[in-house]
Amino acid sequence: MLLQHSLPPQRRHASFRTSPQSVSARIKHVLRSTSPAVEAEPAETKAEKPKKQKGEKQPQQKGGKPAQSASSPEEVRAVRLQKVEELRGQGQEPYAYRFDRTHFTTELQEQFAALENGAHDESGAVVSVAGRVVAKRVMGKLSFLSLRDDKGQIQLYVEKAGLDAQQPGGFDLVKGLVDVGDIVGCTGGLKRTDKGELSVVATGLQVLTKSLQPLPDKWHGLADVEKRYRQRYLDMIMAAEVRDTFRARSKIISCIRRQLEDRGFLEVETPVLESVAGGADARPFRTFHNTLRRDFTLRIATELHLKRLVVGGFERVFELGRIFRNEGVSSRHNPEFTSVEIYQAYADYSDMMALTEDLVRACALAVKGSTQISYQGVDIDFGAPFRRASMAQLVQEAAPGLDFEALMAAGREAAAAGGPEAAAAVLAKAKQDAEAVLQAHENKEVRKSLNKVRSAPSLGHLLNEMFEALAEAGLMQPTFVTEHPVEISPLAKPHRSKPGVTERFELFIYGREHANAFSELTDAVEQRVRFEEQVARHNRAFEERKQARAEAGEGSDAEEAEEDYEVAVDYDFIAALEHGLPPTGGLGIGVDRLVMMLTDSPSIRDVIAFPLMK
C-alpha cells in the first residue's frame, strides 16, 4: 500500500484552487504583518538547544501563550515564491547548479580553534562554505546566519558595508530574500566574535536553493512522532541525534562487511523474488510477474540460496540485504528489515558463536569506542564472554518445577514403550504443569501465553512457548540460548550428544533476539522429511482455522490471522543438498536491532530511515 501524503488534501492542492487575486492579497497581508528582517529560529534538539539564560523569556502573546506566526503554510509558501521571482529579477538563479566549497564547517572549527575572541584571522585566508540556514538574526546593518552542513555548523557574519563593497545590494538580499531553511553558499574570511563564535565574514553570499516551506518553529519543533517518521527529512534537519543515528548505522554495516571480508568471506547477492518462500517460518508478501504469468513471493530469508552457493563451491559467503515479512508492526518489527546471513564451510555453531561475539564487539567499538554501553538505562557488557545456557536450563531457572530435559526423555521412553498414545499422555501432563505455572504467575502478559501452551503439538513446541513466556524477557546481558528442540529447528543438525534438540543458538540481549545460528543440516533425506512434516503440520492447522471461520461465518481471506498462510517445500533446495553440502556453520544477525542497541534507540522506526507507515 502506498504511503499516505502527510498533508491533508486541502493543503496539498491549495495552490491550484486559489485565485491570483487572493494570492496577491495574501502576499500583501503577510508582507505587512511580518517583519522581513527577522525570521524565527527553528526548533533545536536537546543537544543543540542553548540553556535558557536567567531572565530570558519565551515570546508571548496576550494571555501568556507562546507567540506563533499568523501566517498559514500556504501564505508562507506564496511569499517565498515571490522571493524566488525577486531573486531572478536581480539576476540570481535561486536554484543553482553547483558551488565551489573549500571547507566543511567542522574543518574550519578545528583549523581555527586557537583564534581568540574578538580576533580576525591575519593569514588572509578566504574560505567558501555551503549549507542550510537554520537561524537568522538581523540587527540594523548587521546580520547573523547559522549555517549547517553535513559535518556541523558555523556562523555567517554579514555586515552591510563589507558585503555591499564586494556584492552591491548583497545585504538587502540577505535581509529581505534569505529565509531560514534556504541553502546558501558563502565566501569570506574568518573571525571570532567577542562572544567566542567562530564566523565567516561574508564578502559574497548566494542562494543555492530557495526553500518554499518553513522549518518547524523554535519552540514547538517536530513534536508529532508520526510526522517525524513520515517526513524523515524534516526530522533529520531538526535533530542532530537523528542524523547521528544513521551515521552510526552506516558505521555498523561497514564494520560488519569489513570484519567478514578480512576473514575471507565473499559478499554475494541472492534473489528477492522467489518461487517458494523458504529459510524461515514467516508470512511472505506475494506478487505477480506479468510476463511470466506466475506468482512470486518476496524473500523471507536469504538462507536457502546462500547454502546453494556453498554447495557450488563458495566456502565462505555472506549477504547484507533486505528481508520482507508480511507480519505485524511494533517497536521491534518492521515488515521490511535488514539482516546479514553468513555461511562458513567446515565450521559448526560453536564457530558461529565466536564469530558473533567478535562482530558485536567490533561494532560496539566502532560506534561507541567501548564494549561497555548503556541501552535504555541498562548497562550492557560486551567485553565479557557471552553467557551460554540451554533453553531447558533457562526455563527451569524461571520455573524450578519444569524440567524439560527429563520431560523430553520421558516422552521418548513412552513413545518407544507404548507408542503415540503413551507419548501423548506425557505431553498432556507436561501441559497441565506448564499451565499451572502460567496461571500462578503475577504478570498478566505471561498469562497470555496460556492458549499457545494448550495448543502446543509437541514437547519441543511446549518448551519453546514456556521459554518465550518465562525466560526470554529477563535475558539482559548477552546470552547464547542453545539446544533448541528439533520441532522448531528444521534447518539445524541434531545435537551430536543430546537427543531431541539441535545444534542451534539464538543471541539474546535486553530480552530481544539479535542473532540465530545453526550447525547446518546437511543430510538431504532428513531435510526432506523435516520440511514435509513442517509444511504438513502448518497447512493442516491453516485448513482447520479456515474451516472454523467458514463454519462460524466470520471474516474473509483479507482478514486472515498472521499465521494463516500456506507454505510449500522447496524441492529444488533439497536437490541442491543431494549434491552435497559440506559441514557448514550458518549465522543470521538482525542489523536493525543491533543498530537500535548501539544507538540507544527504543524503536526500530528510529533506525530505519523510511519505515513503513499506516
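Ala, Val, Leu, Ile, Met, Phe, Trp, Tyr, Cys and Pro count here as nonpolar, Asp, Glu, Lys and Arg as charged, and the others, Gly among them, as polar. The model is a predicted one, with local features needing pLDDT of at least 70 and side-chain atom pairs counted only at pLDDT 80 or more, while totals for chains, interfaces and linings use all residues. Residue numbers run from 1 along each chain as its sequence is written, and side-chain values use heavy atoms, with hydrogens and water left out.

A cavity is a set of points, on a 1 Å grid over the protein atoms alone, where a 1.4 Å probe fits but cannot get out, and its lining residues have an atom within 4 Å of a point. Searching the whole structure turns up 1 cavity of 30 Å³ or more. The largest cavity holds about 30 Å³ of space, the volume being what is filled by probe spheres set on the points. Its lining consists of Val-360, Leu-507, Ile-509, His-514, Ala-515, Ile-589 and Leu-594, that is, 6 nonpolar, 1 polar and no charged residues. Strands E16 (504–509) and E17 (512–519) each give at least two residues to this lining; strands (E, at least two residues) and helices (H or I, at least four) are DSSP runs numbered from the N terminus.

Next, helix packing. The axes of H14 (residues 404–418) and H18 (residues 459–471) come within 10 Å and cross at roughly 165°. H14 is therefore roughly antiparallel to H18, a label for angles over 145 degrees. Axes are lines fitted to C-alpha atoms over the stretch in contact, with angles from 0 to 180 degrees between N-to-C directions. In contact (heavy atoms within 4.5 Å) are Phe-404, Leu-407, Met-408 and Gly-411 of H14 with Leu-459, Leu-462, Leu-463 and Met-466 of H18. These residues split into 7 nonpolar, 1 polar and no charged.

Then there is the pair H4 (residues 73–89) and H7 (residues 170–177), whose axes come within 11 Å and cross at roughly 170°. That makes H4 roughly antiparallel to H7. Lys-83, Glu-86 and Leu-87 of H4 touch Leu-173, Gly-176 and Leu-177 of H7, and the contact comprises 3 nonpolar, 1 polar and 2 charged residues.

Methods:
Parallel < 35°, antiparallel > 145°, perpendicular 65-115°, else oblique. 1 Å grid on protein atoms, 1.4 Å probe; cavity = no way out; pocket = protein on both sides within 12 Å on 5 of 7 lines; lining within 4 Å.
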